[in-house]
Amino acid sequence: MFKGAIKLKPIGSITKEIKFNIKNKSWILNPFLIDENDIGIITLIKEKKDYFKIDDFQFYEGLSNILGIAIANHRAKHALSERVKELTCLYSVSKIAENENQSFSELMQNIVNVLPPAWQYPKITSAVISIDDMNFYTKDFKEGVSEQKADIIIDGLKRGFIKVSYSEEKTKSDEGPFLKEERNLIDALARQIALIIERKQVDEEKEKLQEQLRHADRLATIGQLAAGVAHELNEPLANI
């Protein structure tokens, strides 16, 4: 009976995998490097002594090297795809914030709608942005079995949060089922939203000041008109 296996393990734990009895068996154990943290192992076992030939060792050694390159390449492509999604999300939020012809509620709702595609499993991703007890949800929002959260801090005060959740269980990653880059993304989004709110507050304060100045100008103009009218009335009255 011929048995084969491929295992991926962190470097340092590889020796724990070499635990089989080699009596009256033939075996090949080919480790291959994937990256600085992970190493793979191709293990082949035959229930027969002296089964494998030198050509077999050379073949599987070459195969293990190719496999290591293929896995590293796949991981690199996946990581690049995730980075593109994250940058697209941040760019989309910036473009939404540039539109001045929208209310604050419309602004927050448009932002929360672009969040799910930036995460690893967009089809099961829900998101909510909470600001000053106002909540903005993605369509068909569901409370998830796993969630990632970041506080929105404005002028040193917590004003709300962003929460992203998965409605289904997923395999463990850096932070539960979430990637460490997704932690960086949600933190960056929280900061970006805080800056958008701060800018909107500054614009509103600026508009209030301008309105107060316009009101003061109107009062000054009315005062000048009243003074002029009083002067025009005083002259004939004085003559009388």
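Leaving aside its neighbours within four places in sequence, E86 is in contact with A118, E181, E182 and L185. This residue belongs to helix 1. With a relative accessible area of 8%, E86 counts as buried, because the cut-off for that class is under 20%. The structure described here is a predicted model.

## Overall composition

The protein contains 3 helices and 7 strands. Read from the N terminus on, its elements follow the order β-β-β-α-α-β-β-β-β-α.

The protein has 240 residues, of which 30% count as buried. Among the contacts with a separation of 6 or more, 62% are between residues 24 or more positions apart. The contacts of E86 with A118, E181, E182 and L185 were named above.

## Packing of helix 1 against helix 2

Helix 1 covers residues 54–98, and helix 2 covers residues 104–113. The two pack with their axes 10 Å apart, at an angle of about 165°. Angles over 145 degrees count as roughly antiparallel, and helix 1 and helix 2 are therefore roughly antiparallel to each other. The crossing in which helix 1 passes helix 2 is right-handed.

On the side of helix 1, the contact is made by V93, I96 and A97. Helix 2 contributes L107, N110 and I111. Sorted by class, the residues of this contact are 5 nonpolar and 1 polar, with no charged residues.

## Aromatic pairs

A pair of aromatic rings is described by the distance of the centres and the angle of the planes. The count for this model comes to 5 aromatic pairs. One of them is formed by F104 and F136, with 6.4 Å from centre to centre and 75° between the planes, an edge-to-face arrangement. F104 lies in helix 2 and F136 in strand 5, so the pair ties together parts that are 32 residues apart in sequence. F136 is buried, at a relative accessible area of 6%.

In the pair of Y137 and F141, the ring centres are 4.8 Å apart and the planes stand at 55°, so this pair is tilted. Both residues are partly exposed: Y137 has a relative accessibility of 37%, and F141 has a relative accessible area of 23%. Elsewhere, one aromatic cluster is formed by Y121, Y166 and F178.

## Two aspartates with positive phi

Most residues other than glycine have a negative phi. D140 is not a glycine, yet its phi is positive, at about 55°. This aspartate is found in the loop between strand 5 (134–137) and strand 6 (146–154). Its relative accessibility is 62%, so D140 counts as exposed.

D155 likewise has a positive phi of about 55° although it is not a glycine. Its place is in the loop between strand 6 and strand 7, the latter spanning residues 157–166. D155 counts as exposed, because its relative accessibility is 65% and the class begins over 50%.

Notes: Residues are numbered from 1 along each chain as its sequence is written. This is a predicted model: local features need pLDDT of at least 70, side-chain atom pairs count only at pLDDT 80 or more; totals for chains, interfaces and linings use all residues. Side-chain values use heavy atoms; hydrogens and water are left out. Axes are lines fitted to C-alpha atoms, for helices over the stretch in contact, and angles run from 0 to 180 degrees between N-to-C directions. Helices (H or I, at least four residues) and strands (E, at least two) are DSSP runs, numbered from the N terminus. Angles under 35 degrees count as roughly parallel, over 145 as roughly antiparallel, 65 to 115 as roughly perpendicular and the rest as oblique. A crossing is left-handed if the near helix is turned anticlockwise from the far one by less than a right angle, and right-handed if clockwise. Contact means heavy atoms within 4.5 Å. Ala, Val, Leu, Ile, Met, Phe, Trp, Tyr, Cys and Pro count as nonpolar, Asp, Glu, Lys and Arg as charged, and the others, Gly among them, as polar. Buried means under 20% relative accessible area, exposed over 50%, partly exposed in between (1.4 Å probe, protein chains only). Rings of Phe, Tyr and Trp (its six-membered ring) pair if their centres lie within 6.5 Å; planes under 30 degrees apart count as stacked, over 60 as edge-to-face and the rest as tilted.
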